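Subject: Structure handover

Hi,

Here is the structure you were expecting. Please open it alongside this note; my findings follow below.

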Amino acid sequence: MKKIKLGVIPGDGVGVEIMPYATQVLDVIAQVHGGLKFEHSWYPWSCEYYLEHGEMMPKDGLDQLSQHDAIFLGAVGNPNLVADHTSLWGLLINIRRGFKQTLNIRHAKQLRGITPMVINPNGFDLIVVRENSEGEYSEVGGRIHSGEDEVVVQNAVFTRKATERAMRYAFELAKTRKGHVTSATKSNGIVFSMPFWDEVFDQVGKDYPDVEKRSAHIDALAAFLVSKPSEFDIIVASNLFGDILTDISAAVMGSIGIGPAANLNVDGSYPSMFEPVHGSAPDIVGKGIANPIGQIWTGKMMLDHFGETELATQLLNIVEDVTEAGIKTPDVGGKATTSEVTDEIVSRIKQLT
Ligand SMILES: NC(=O)c1ccc[n+]([C@@H]2O[C@H](COP(=O)([O-])OP(=O)(O)OC[C@H]3O[C@@H](n4cnc5c(N)ncnc54)[C@H](O)[C@@H]3O)[C@@H](O)[C@H]2O)c1
Ligand SMILES: O=C(O)C[C@@H](O)C(=O)O
Ligand SMILES: [K+]
Ligand SMILES: [Mn+2]
């Protein structure tokens with residue numbers, strides 16, 4: 001029996017609503033497999049936990065999580081309780097950094113049964129490789145003085161190592177797919193880091209003569225993602241650019257609620273973390289209508305990560321069968337609840353046996 005020890009962190013908002021359904025899906029997949037079992041340990045770390053304990057996770061939280069093979073996380077953030085930068089850095093980014101999850105891989109493609117939000121979807125299928133450890137999300141800077149003398153500095157740090165790592169991963173991934181990589185740059189306006197980014201892209205690209213290379217400024221790229229998404233295969237982007245592009249690519253699919261993501265520890269020194277693109281969705285919390293597909297597809301990426309590629313593919317197929325049958329939450333034009341969508345997915349998985 002192959003056992004996968006999961007540290008489960010539902011987090012806040014719709015993360016809490018979706019997580020029991022997504023883990024149920026994984027358990028049923030494991031039953032169908034026959035030789036696979038997920039052992040979950042649940043952690044209540046969230047904004048509510050912060051109100052009680054003064055921190056988003058305990059001091060030894062990373063030690064506790066390091067006992068697991070992977071982390072399955074919902075969403076973090078409740079701006080009514082805790083400032084967003086405090087909650088995000090106290091939990092999500094703390095884990096990304098502490099566990100050297102240096103890449104964030106986010107898939108987007110046209111799904112059967114979900115109307116894309118663009119006029120020319122043309123069967124698009126793309127993956128964004130987001131640098132996940134530095135760049136615009138660097139903890140370097142500070143604030144001095146106050147009032148009209150106040151000065152704020154926020155530095156963006158780009159290292160050759162992390163930049164090369166993201167690009168090399170993107171090129172390797174492209175070799176297994178349609179064979180082209182687009183680099184998200186802004187070297188016309190951002191005068192040090194982005195020309196450096198372009199240089200590294202050119203240098204690493206020389207090792208991949210068979211991969212087609214393109215560079216596009218992030219502003220135009222954001223527009224192209226909407227106007228002609230099918231022209232992309234792999235997009236490699238800095239931390240912030242990748243963040244923004246993947247809310248767009250999820251929306252292009254039909255809803256922010258369906259985008260999956262994998263925060264990868266590439267050297268195997270710590271567990272990787274699987275959490276969807278979307279946040280805690282405070283505007284729909286408590287209504288029972290959160291779309292579970294982002295979290296379930298994220299679970300599919302986790303199955304791929306553990307080598308269960310056949311079941312992973314079957315799972316995404318079933319999700320598409322269900323959306324094609326019209327059983328969908330309101331964000332993608334349906335009338336079903338989180339529970340109804342999941343029930344249908346679960347019952348179809350059971351029919352695989
Ligand atoms: N990785 C994360 O944990 C993460 C990601 C983004 C935002 N956040 C946090 O979440 C909070 C809300 O942020 P936001 O409003 O900018 O982004 P959000 O992703 O939570 O919501 C954006 C929009 O998408 C919709 N949406 C999101 N998930 C959905 C789902 N599963 N089903 C249906 N609709 C869904 C929401 O209803 C909202 O209209 C903030 O505290 C923010 O910091 C966390
Ligand atoms: O990385 C972030 O900024 C948090 C969230 O927006 C995400 O995309 O995971
Ligand atoms: K999330
Ligand atoms: Mn984001």
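Helices (H or I, at least four residues) and strands (E, at least two) are DSSP runs, numbered from the N terminus. This is a predicted model: local features need pLDDT of at least 70, side-chain atom pairs count only at pLDDT 80 or more, and totals for chains, interfaces and linings use all residues. Residues are numbered from 1 along each chain as its sequence is written, while chains are lettered from A and ligands numbered from 1 in the order in which they are written.

**Ligand shell**

Helix α4 (residues 84-98) gives the most to the shell around ligand 1: three residues. In total, 23 residues surround ligand 1 (C-beta atom, placed from the backbone, within 6 Å). The closest are G77, G257, H278, G279 and N291. By class, the shell holds 11 nonpolar, eight polar and four charged residues. Here Ala, Val, Leu, Ile, Met, Phe, Trp, Tyr, Cys and Pro count as nonpolar, Asp, Glu, Lys and Arg as charged, and the others, Gly among them, as polar.

**Domain record**

UniProt lists residues 5-345 as "domain: Isopropylmalate dehydrogenase-like", in an unreviewed entry. Its positions are given in the numbering used here, feature names are shortened, and annotations may be inferred rather than shown by experiment. The span is 40% helix and 19% strand, and its end C-alpha atoms lie 23 Å apart.

**The sheet**

Which strands form the open sheet, and in what order? There are 10, running β2-β1-β3-β12-β11-β4-β5-β10-β8-β9, with mixed pairing (at least two DSSP bridges between two strands). β2 (36-42) and β9 (212-217) each have a single partner strand, so one side of each is left without a neighbour in the sheet. Neighbouring strands are turned by 25 degrees against each other on average, direction ignored. Axes are lines fitted to C-alpha atoms, for helices over the stretch in contact, and angles run from 0 to 180 degrees between N-to-C directions.

β11 (residues 262-264) and β12 (residues 272-274) run antiparallel, joined by two bridges. N263 has M273 in β12 as its bridge partner.

β8 and β9 pair in the parallel sense over six bridges. H180 stands opposite E212 in β9.

Best wishes
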